[in-house]
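This report walks through a structure in short sections.

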Amino acid sequence: MNAPGVGTGRYIGQRVRRKEDPRLLTGRGQFVDDIVVPGMLHAAFTRSPIARGRIVSIDTAIARDVPGVHAVYTQADLAHFKVDMINFYLVSPAVETTPLANGRVAYVGEPVALVIADSRHIAEDAASLVEVQYADETPVVSIAQARSGAPVHPATTSNISAQMGEEEPDEELEALLRDAPHLITHQVVHQRISQSPMETRGVLAVRDGAEELTLYITCQSPHLVARWVSLALGLRQTAIRVIAKDVGGGFGLKNHPWKEEVSVILAVLAFGRPLKWIEDRYENLIGANQSREAEMVLRTAFDAEGRVLASHGDYSCNNGAYPQLEECNIAVHMFLWAAYKMPRYGFLTRGWYTNTVGLAAYRGPWAMESLIRETALDVAARRIGIDPIEIRRRNLVRLQDQPTLSCMSIPIEDITPAECLEQLVQYFDVAAFRKEQAAARKAGRYLGLGIATYIEPTGAAGSIVTMTGELAQVRIEPTGRVTATMSTHSQGHGTATTMAQIIADRLGVPYEDVTVFEGDSSRGGFSPGAAGSRQGVVAGGAAIKASELLADKVRLLAGHLLETSPDLVRIENGMAHVAGKPELSRSLRSIAEIAYGEPDRLPPGLEPGLEAQYRYQPPPMTLASAANACVVEVDAETGMVKILRWISAEDCGTAINPAVVEGQIAGGLAQAIGMVLLEEMTFDAAGNPTAATYKDYLLPAISDIPDFEFVHCSTPSKSVGGMRGVGEGGAIIGAPTLVNAIADALAPFGEIPLRLPLTPTRLLSLIEGRDLAAKVEHPQPEEASAATAAADTPATVPAPVDQPVPAARAPEPAAPSGPQIDGDWKMVLSTPVGPQAMVGHFETDGTALSGYLKSEQGSMGFTGIVEGNRLKFDLKVDKPMKITLKYDITIEGARLTGKVKMGIFGTAKLVGERG
Amino acid sequence: MSEHRISMTINGLRHVSNAEARVSLSDFLRGNAGCTGVHIGCEHGVCGACTVIVDGLAVRGCLMLAVQAEGAEVTTVEGLAAGDGTLHPVQQALYDEFALQCGFCTPGVVMTLAALTAPGSKANEQQLLAAMSGHICRCTGYQGIRRAAKKLAAAPAGEQP
Ligand code: FES
Ligand code: FES
């Protein structure tokens with residue numbers, strides 16, 4: 001019944017038209033700004049015009065006097081609400097984060113005051129009349145500045161927001177790299193990106209009675225928003241209902257509320273009347289959390305035949321001032337070589353605070369791994385003199401090599417990038433292209449072919465606190481029609497369509513008879529919604545299981561009513577049939593009427609009604625794979641790139657609706673094309689965002705995007721239904737595919753410095769052999785040195801220019817006599833999922849140490865040793881995987897610092913103080 | 001700010017209401033006339049989501065003041081489908097070709113294509129695609145929009161698919 005492979009059916013696998021479309025095509029969607037409630041007021045923000053400084057004074061008197069203004073709030077007015085701005089993992093931030101600026105500002109656009117007025121126009125007028133005096137300070141804008149600049153957050157000692165991996169070189173790994181026949185050192189500088197959903201952020205908060213709060217909000221899961229708001233605001237006694245029927249794109253920006261949305265909710269709790277805030281595009285481009293902005297150097301050793309031997313990655317990302325997740329993107333390293341036969345990998349990964357708006361997720365948040373690996377492989381192929389397809393064939397893990405463990409100990413099973421690559425080259429005639437390319441080059445035209453392969457973990461459920469299974473509740477109404485309430489959420493994903501297809505298929509009813517409801521936290525159960533390409537896999541499995549349960553019930557009841565065995569009952573097209581007895585056929589409506597209305601006619605013990613629900617827990621990890629190819633022509637006169645062809649060969653397992661699958665891939669590829677050629681969120685030296693409109697921040701238009709050709713490889717996964725997930729893949733694999741094509745086209749000129757976006761100016765620098773890019777495009781001197789350091793030199797830390805000097809710190813008062821170790825210590829460990837607070841309790845007896853660590857997750861005891869003021873002990877943990885944590889702690893006076901070796905995750909920092 | 005009494009025909013019905021001189025046509029249509037199908041994506045004329053038809057021409061509602069539309073004949077996305085729900089040929093083509101995902105950009109796309117394929121207009125494929133380059137869609141990668149535009153250009157005027 002539930003064999004994993006489903007393939008195609010009456011509706012599964014068919015290009016049925018989307019249920020969402022008629023309302024959206026006729027202007028009857030319901031986006032947050034479309035909702036109006038009686039008594040509703042409007043909010044606007046006063047935002048910081050400087051990137052860093054102290055707030056000397058705020059005068060709201062003039063703003064308050066504007067007719068139509070009801071209130072003006074600053075952080076001081078809202079401080080009595082204790083807000084914990086938790087991240088996606090529900091963990092508190094490492095630095096104090098408040099909804100409105102609290103005495104200091106740390107980025108241009110930071111909300112400082114909130115105005116409540118009768119109309120949006122009046123609110124904006126008044127917001128501009130709030131007088132704020134700032135004492136300016138020199139901002140830290142780039143990663144290079146963050147390395148040596150004054151801490152963005154005065155309470156911290158450095159700008160490192162998160163760090164993992166090893167700072168000390170691993171001599172064995174270094175020797176492998178040094179002694180290999182080929183060592184490729186490859187650098188990628190990735191620009192900052194604005195997720196730019198076409199619908200900006202927005203919220204309408206309504207207080208319904210004392211203990212109810214309704215939020216209409218643009219989000220990626222109403223359930224997650226309800227959970228987040230309840231925990232962040234400590235509203236345990238409040239019934240929170242979150243409604244988001246239509247959302248105009250999310251892409252990672254709308255995972256959970258942030259400063260502005262929280263300010264609006266608090267203002268409603270304080271003021272009482274319904275309040276709406278709709279972000280305008282200027283606010284969205286400067287004040288909404290952005291994404292990417294990272295630099296990475298990957299060193300990879302190859303043998304003479306191009307087989308990978310060892311590799312090391314050094315990654316840094318600019319987290320901005322208040323990131324939604326203080327992270328160093330451990331997933332980049334986890335998945336970098338996961339699909340390749342890489343024997344050994346080491347890394348150092350860091351996130352940096354700067355005086356820019358904080359980062360949030362963006363489709364494929366760890367995509368740097370595919371970008372740098374796939375582009376490095378092409379550089380290697382050119383250097384070693386082998387074909388880019390061949391270098392992948394030699395290194396990819398094939399189906400016959402599986403199951404296996406990756407160099408980062410990830411179980412690799414059921415991945416098909418090598419197989420996708422073979423299907424791709426069967427479809428695309430590489431030899432013919434190479435001929436065409438050679439002929440074109442003779443004529444002074446530069447064609448290039450880019451190939452890339454990748455895998456992506458999808459369908460996550462269970463490894464992260466918010467990544468859960470999905471719930472499907474399906475019922476056959478007394479009318480015979482089918483209603484499903486799903487925990488899914490669509491910001492364009494079309495889940496009301498794909499889930500209805502599954503239910504119709506598995507229940508045996510017409511697709512037209514199925515209606516799927518989602519988008520309301522008061523219906524269905526918890527799920528994180530759209531995140532990590534998971535809904536097709538997890539909710540798809542839930543819809544299948546719930547439909548099967550319900551079909552079983554229908555068969556049981558029909559069998560009883562028709563006096564035949566349930567096994568002989570077949571449901572088809574909304575009718576129950578008995579094999580060989582057409583006269584016994586009954587409509588689902590007639591069966592449902594009995595199920596609900598005539599309980600006496602049910603078999604003994606059968607619950608009345610026709611309802612079923614199932615929460616599906618998929619296998620721990622599902623993986624999608626793909627291989628892409630693209631052909632470009634680069635105009636050597638202008639540096640313009642024209643994409644001539646693009647082929648996507650993906651394996652997303654069972655495609656519930658190939659048109660929806662292709663739509664997801666195409667949308668992701670378009671975003672990747674934007675990343676490689678156009679989009680760049682830039683800042684000047686003072687930290688001012690200089691791409692504050694869509695005339696400066698260039699999004700791809702129809703003329704920038706080619707027709708995509710699709711090859712569906714469709715190997716069913718082991719999850720129920722066989723889906724593998726498809727949301728993020730295009731955005732991940734698109735970038736290396738296009739970069740490789742451009743690099744191939746321009747190979748006669750040398751290697752392209754990989755600083756995104758590859759604007760015509762930057763490409764002309766290579767073509768003309770002059771550093772045009774440095775002169776024209778970089779206001780900040782250190783960026784130019786990064787550009788010239790690209791490609792083949794290891795990352796050097798560029799000399800800081802015009803940097804504030806870190807304030808000298810007063811020396812710690814010396815401990816009176818010997819270290820005082822025993823007792824409780826408040827400690828914070830920087831883990832891959834954000835800072836983890838805990839209490840450490842130590843008891844010493846000579847050189848023997850015992851104690852326990854206590855956190856919200858529970859308490860674990862340990863024993864270890866004491867060496868003077870150093871404590872050493874080991875702890876074994878099971879989640880997220882089995883590893884031994886090796887603690888090494890140094891105590892100085894009332895402060896505690898230390899390192900924790902976390903197996904393959906490298907070393908994490910620990911800080912603490914007397915508790 | 002001066003208040004003005006503004007009257008116009010919206011989707012065939014007369015509409016009269018007051019608005020300040022600074023109110024854009026898109027805000028007026030959404031706020032005063034309840035045409036929430038008019039979407040606002042950028043308010044600076046780049047994204048095209050706010051496109052409506054004013055006296056037969058596709059215009060960006062965010063770049064025009066409501067007072068400038070005094071006396072005009074305005075059509076929004078709500079005014080295209082027939083009373084019985086039958087979709088306008090442009091809507092039908094976009095529906096058939098999976099040309100939308102979140103649907104936020106969609107009303108603007110619909111209105112531009114409707115203006116350029118209206119009876120009497122002879123926009124060819126090239127012109128329709130060129131016009132589409134003035135609409136930003138962050139979701140779809142434009143594949144379905146392009147297919148729909150080609151289909152609409154291929155069908156003779158008045159006999160759209
Ligand atoms: S809202 Fe008018 S063009 Fe974007
Ligand atoms: S469908 Fe979402 S922006 Fe076009």
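Strand 14 (residues 308-320) and strand 15 (residues 345-353) of chain A run parallel and are joined by 9 bridges. Within this pairing, C317(A) sits opposite G351(A) of strand 15 of chain A. The model is a predicted one. Strands of a sheet pair through backbone hydrogen bonds, in either the parallel or the antiparallel sense.

Both strands belong to an open sheet of 5 strands in chain A, ordered 7-15-14-13-8. Its pairing is mixed. From one strand to the next, the twist averages 10°. Helix 6 (residues 171-179) of chain A packs on this sheet. Helix 6 touches strand 8, strand 13 (291-302), strand 14 and strand 15 of chain A. The direction of helix 6 makes about 115° with that of strand 14 of chain A.

## The four-stranded sheet of chain A

Another open sheet of chain A has 4 strands, in the order 21-20-19-25. Here too the pairing is mixed. Strand 21 (514-517) and strand 25 (611-616) of chain A are the edge strands, and each pairs on one side only. The twist averages 15° from strand to strand.

Strand 19 (residues 470-476) of chain A pairs with strand 25 of chain A in the antiparallel sense, over 6 bridges. V474(A) has A612(A) of strand 25 as its bridge partner. Helix 15 (residues 495-507) of chain A packs on the sheet. Helix 15 touches strand 19, strand 20 (482-486) and strand 21 of chain A, and its direction makes about 135° with that of strand 21.

## An enclosed strand

Strand 3 (residues 69-74) of chain A has 5 of its 6 residues buried, so the rest of the structure largely encloses it. Strand 3 of chain A runs antiparallel to strand 5 (residues 111-117) of chain A, with 5 bridges between them. One of the partners is A113(A) in strand 5, which bridges to T74(A).

## Helix 17 and its buried face

Which residues of helix 17 (residues 588-597) of chain A are buried? They are L588(A), I591(A), A592(A), I594(A) and A595(A). Viewed down the axis of helix 17 of chain A, these buried residues fall within an arc of 160°, so they line one face of the helix. An α-helix has 3.6 residues a turn, so residues three or four places apart point the same way.

The buried residues of helix 17 pack against several elements of chain A. These are strand 19, helix 16 (535-562), strand 22 (569-572), strand 23 (575-578) and strand 24 (586-587).

## The interface between chains A and B

Chain A brings 54 residues to the contact, and chain B brings 43 residues. The area buried between chain A and chain B is about 4000 Å². Carbon and sulfur atoms give 59% of that area. On the chain A side, L25(A), M198(A) and I702(A) lose the most area to chain B. Together these three account for 21% of what that side buries.

How many salt bridges are counted between chain A and chain B? The count is 7. One salt bridge joins the side chains of D707(A) and R146(B), at 2.7 Å from N to O.

Most residues other than glycine have a negative phi, and most peptide bonds are trans. Chain A has a cis peptide bond from Q402(A) to P403(A), with omega near 0°. P403(A) is in the loop between helix 12 (388-395) and strand 16 (404-405) of chain A. The peptide bond from L756(A) to P757(A) is cis as well, with omega near -5°. P757(A) lies in the loop between helix 19 (729-745) and helix 20 (760-768) of chain A.

D414(A) is not a glycine, yet its phi is positive, near 70°. D414(A) falls in the loop between strand 17 (411-412) and helix 13 (417-427) of chain A. Is D414(A) buried or exposed? D414(A) is buried: its relative accessible area is 17%, and the cut-off for buried is under 20%. In chain B, D55(B) has a positive phi of about 45°, although it is not a glycine. D55(B) lies in the loop between strand 3 (51-54) and strand 4 (57-60) of chain B.

Key. Residues numbered from 1 in each chain as written. Chains lettered and ligands numbered in written order. Predicted model: local features only at pLDDT ≥ 70, side-chain atom pairs only at ≥ 80, totals over all residues. Heavy atoms only, no water. Pairing = 2+ DSSP bridges. Helix = DSSP H or I, 4+ residues; strand = E, 2+ residues; numbered from the N terminus. Axes fitted to C-alpha atoms, helices over the stretch in contact; angles between N-to-C directions. Contact = heavy atoms within 4.5 Å. Buried < 20%, exposed > 50% of the residue type's maximum accessible area, 1.4 Å probe, protein only. Arc of directions from axis to C-beta. Buried area = accessible area lost by both parts, 1.4 Å probe. Salt bridge = Lys/Arg side-chain N within 4 Å of Asp/Glu carboxyl O.
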